[in-house]
Structures are given as structure tokens and as C-alpha cells.
Amino acid sequence: MIKQQNVKLGFALAMLTAVMWGIVPIAMKYALVVVDPLTLAWSRLAISALGITIWLAYKKQFPNLMMFRKHRRFVLLMIAGFGLLGNFALFANAVQYLSATTAQVVGQTGIVIFMISSAFIFRERLRPTQIIGILVLLVGLALFFNKNIVDLFSNMSSYGIGVWLGLLASVSWACYALAQKVLLQKLRAEQLLWLIYLICTVFLLPFTSPSKIINADATQLFAIIFCGLNTIIAYGALVMAMERWQAAQVSAITTLTPLFSLIFSDFFALIWPEKFAMQYLNILGYIGAVSVVAGAMFATIGHYIWHPRKGWLINRNKGEE
């Protein structure tokens, strides 16, 4: 049984992950003033690769690369590597056109794609709560984009391009997550991330312009470095949270990411209106954002709360304790 102090620490670490993921697109938008999206994505990956290299060297836990002599494992590693590379590159491009909140709301579709893909590839049966959660999330997306939904299909405005890039980033993330799910049976999370970050850093380098970073002022340089450190801290906290708390609960907390993006976007806009823009949503937009988060959360942990035959499980579980 998980100790109470571990549960509290796991919750805190999961919240830290959600907060860091909520802030990162805000920092990315600020950094994109001076660097292009691919260079920013590469700098995030390079800083992360360096950080994990130092950590693994300290712990003396570098993976045994001979395991990838098996063709299947090597192919899965490439799928995971290029999946995450595509996610970082496409998401950075999407952020260039979208607000931080919109980018993170679109990013929640990755959960839907991953769940549906897992059902087909791993022959996992979708629970009724997952289906309900997915439907709520999709309705939430329609509500969130209520003012611009026609633009997504009728003409390719910059907003529409950003949304479609965000959706492609989610597809790419789902490919990474599916391959990662198999590889984590043989590797520790930090070992696998180290390999993936190295692959991404090497293959993305020819398409970047690191020299542009020199033109950044102090605050822009801080934003670029923060984006890289953010990745290390967020994923590190996520791994430690899952070691101390159940994975489903941790995943549920991370679905709060879009709400943190919305909160911090408005907060920074109030403090530095000349540098950050306020996120303007109508009532349906706010309801949609909350619905997206609620749907993603219910799809993740709904089976702990409700069962189609047994009804609500919360009071019953408390009674058993």
C-alpha cells in the first residue's frame, strides 16, 4: 500500500508537472520573438539531453545499448525519437500562431489519440468512462473553438494553421507514447528519455540556426533556457510522481495543464501587458476549456469514480477504508 506521505509528495510533484507544462508555451511565445520554432525546439531538447546526461553519469545508470541490436526495439526507439521530435517541432510552430492556452487545449487531443490507438494496437478495451471522457473532451473542443470553428475548415487563417499544427503535434506525441509504452518494459524512464533526446537533438540540428540565440536579450535568453530546464523539471517530476503515486492519478492531475496556461497567461498579461497578451474567451470558450480538462481527467481516472453497473464508487471506497 502506498504510504500517505508518498501520496502527498506524488500529488505535489504531479502538480509541479502540470504547472511547468502550463507555463512553457508562454515562455515559448516570448522566446519565438528572437528565434525560429525549430531552433527553439532544438534548444529545449539539447538542454534536456545535457541535463539527463549529467544525471545518468552521476547515478552511473547509462542504458546498455546492445539491447537495440534487436530490430524491433531499434525500430520502436526510432518511432519514439521521431515522434517526440515531431511533437516538439510542430508544437513550437503551433505556439507561433496560437495563444498558450489554445495550444495546450489542442494538445489534450493527444490523450484521445493515444487511448484509441492503444485499443487497436494493444487490443485494450476502452472503458465506458474513457468513452464518456473522450466525448466530453470533444464537445469541450467544439465549445472552446465556438467563435473560430468555421475558420478551421473553410479557410486557412494563421489561427487555423496553428490549430492543425497543434493537432499534428498531438498525433506525433501519441506515436511517441505508444512506442514508449513498450520500451519502458526494458528501460527506466530517464534512460529512455536520454536516448530519445539525443536522437532528437542530433537529427533536428541541421534544420536549426543556433546563432540566432546570440541576438536574444537577457529576458529572451532566460526564456529560451527556461524552456529547456522546464522540460527536465517537468518530466523529472512526472517520473518521480509516478514512483510515489498511482499513474492514473498522476495523469489526471497533468490534465489541468490548459487551466494553468490560462491562469498564467492572464497573470503575465496583467503584470507585463507590453510583452504578453490577454487570453480573451467568451462564456462558451471558458466552459469548453473546463470541459476539455474534465473530459481528459474523467477518461483517465473515471473508472475509480463511476462504474456503469455499480454506480458511483467514491463513497463505497471510503466505506471500505
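**Close-up views of a predicted model**

**View 1. Cys175 is partly exposed, at 35% relative accessibility.** The model is predicted. The closest cysteine sulfur to that of Cys175 belongs to Cys200. The two sulfurs lie 13 Å apart, too far for a bond. A disulfide is a covalent bond between the sulfur atoms of two cysteines. The structure holds zero disulfides.

**View 2. Cys227 is in no disulfide.** For Cys227, too, the nearest cysteine sulfur is that of Cys200, here 16 Å away. Is Cys227 buried or exposed? Cys227 is buried, with a relative accessible area of 0%.

**View 3. Helix α9 spans residues 189-204.** The helix has 16 residues. From first C-alpha to last, α9 reaches 22 Å, close to the 22 Å expected at 1.5 Å a residue. Twelve of its 16 residues are buried, so α9 is largely enclosed by the rest of the structure. Among the buried residues are Trp194, Tyr197, Cys200 and Leu204. Glu190, Gln191 and Thr201 are also buried. What covers the buried residues of α9? The cover includes α2 (37-59), α3 (71-97), α8 (158-183) and α10.

View 4. Which helix gives the largest share of the patch? Helix α10 (residues 218-244) does, with four residues. An α-helix has 3.6 residues a turn, so residues three or four places apart point the same way.

**View 5. Leu229 sits in helix α10.**

How values were computed:
Residues are numbered from 1 along each chain as its sequence is written. This is a predicted model: local features need pLDDT of at least 70, side-chain atom pairs count only at pLDDT 80 or more; totals for chains, interfaces and linings use all residues. Side-chain values use heavy atoms; hydrogens and water are left out. Helices (H or I, at least four residues) and strands (E, at least two) are DSSP runs, numbered from the N terminus. A disulfide is a pair of cysteine sulfur atoms within 2.5 Å. Buried means under 20% relative accessible area, exposed over 50%, partly exposed in between (1.4 Å probe, protein chains only). The expected span of a helix is 1.5 Å times one less than its number of residues. Contact means heavy atoms within 4.5 Å.
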